[in-house]
Amino acid sequence: MICLGIESTAHTFGCGIVDEKGRIYANIKNSYTTEKGGIHPTEAKIHHENAKDNVVEDALKAAKLRLDEVDLISFSHGPGLPPCLLVGMRKAKELARKINASLAGVNHCISHLEIGRLLTKAKDPVLLYPSGANTQIIAYEAGKYRIFGETLDNGVGNFIDAFARHAGLGFPGGPKIERLASEGKNYIELPYVVKGMDVSFGGLLTNLKQKYDSGKYKVEDLAFSMQETVFAMLVEVSERAMAHTGKKELLLGGGVACNKRLQEMCRTMCEERNAKFFVPEKEFLADNGAMIAWQGILQRKLATKGYDSIDIGPYERTDDVEVNWR
Ligand code: AMP
Ligand code: MG
């Protein structure tokens, strides 16, 4: 069985093709970026409209498959930006109708976790999922992927991007901040906000902007201190989730997980508590179509040809989904 999956929750339009053994035939993406401002939903939607046909065509070419050799179509059902989600769903419906295939809408956050399990062989991990819009600590418990901790306001990626935007760095800011941080040497104290199992970045953002505007600090030092502070917050709640659930594996997923310093801090924490640390390749950490295709395979029972009954779920939560595939 071959599934073609479409990702379009935010800045990336992606198409992946995967079979039921987890073999990845193609994973093509085209992401929206800016020189200066942040992600603008309407512009991202236009980007996806322009990119969608070529991305799907390139994926089929890379997989050396014709569309009619695909058995199943899946797409990111949510959570995400509604204008972007709609582009992906409509493209998925168009493809499914063309070949009379079943269609499944799948949860984006869970797809990050399942592609990580597939690629790293982690069995029952706690997932630290820091991305643009989402920041969650997720683990399987009693039939669902439960959220053990999450952000109370911004996703950590959006927070990093907002600071980068303030400093005139463009979108996405994460990689630029990581480069600057590697040149920072002085640690500047910043608010460290962990509330129970949750984290919050709103106050930290205001504080950072004020420090930047004061002109008293080097942006490299601010970037360095910001990374040290927010990654420590994320590692603290991940460790607590591992202690609480008794799980011995930590898996990373999501765009911010590309950051080498975050990976290093997670690895150290796992070594100290005798746990295993897993991180998939960068291509599969950030948003991608392959993870949506693989989730489509896992949830193929959900797929239907009643296309009109399928809609997007911009606010769907990880723990809304019944996990009946593991
Ligand atoms: P996603 O929504 O999962 O595709 O992740 C996108 C987010 O990841 C954006 O907010 C990026 O700024 C962030 N990001 C990408 N690479 C890095 C990096 N090396 N360090 C920190 N954040 C990053
Ligand atoms: Mg994501």
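**A guided view of the predicted protein model**

Of the contacts in the protein between residues with a separation of 6 or more, 76% join residues 24 or more positions apart; contact means heavy atoms within 4.5 Å. This is a predicted model, in which local features need pLDDT of at least 70 and side-chain atom pairs count only at pLDDT 80 or more, while totals for chains, interfaces and linings use all residues. Residues are numbered from 1 along each chain as its sequence is written, chains are lettered from A and ligands numbered from 1 in the order in which they are written, and side-chain values use heavy atoms, with hydrogens and water left out.

The protein has 10 helices and 12 strands, which are DSSP runs numbered from the N terminus (helices H or I, at least four residues; strands E, at least two). Its radius of gyration is 20 Å, close to the 20 Å that the globule rule gives for 326 residues, so the protein is as compact as a globular protein of that length. The radius is taken over C-alpha atoms, and the rule is 2.2 Å times the number of residues to the power 0.38. Buried residues make up 57% of the 326 residues, where buried means under 20% relative accessible area, exposed over 50% and partly exposed in between (1.4 Å probe, protein chains only).

Tyr129 lies in strand S6 (residues 126-130) and Asp287 in the loop between helix H9 (282-285) and helix H10 (289-298), so the pair ties together parts that are 158 residues apart in sequence.

In H4 (residues 156-166), eight of the 11 residues are buried, among them Phe159, Ile160 and Phe163. The cover over these buried residues includes S6, strand S7 (135-141), helix H5 (174-181), helix H6 (202-214) and helix H7 (219-245). Just after H4, Gly168 takes a positive phi of about 75 degrees.

Another buried position is His77, with a relative accessible area of 16%. His77 belongs to strand S4 (residues 72-78). Leaving aside neighbours within four places in sequence, the contacts of His77 include Leu85, Gly105, Val106, Asp311 and Glu316.
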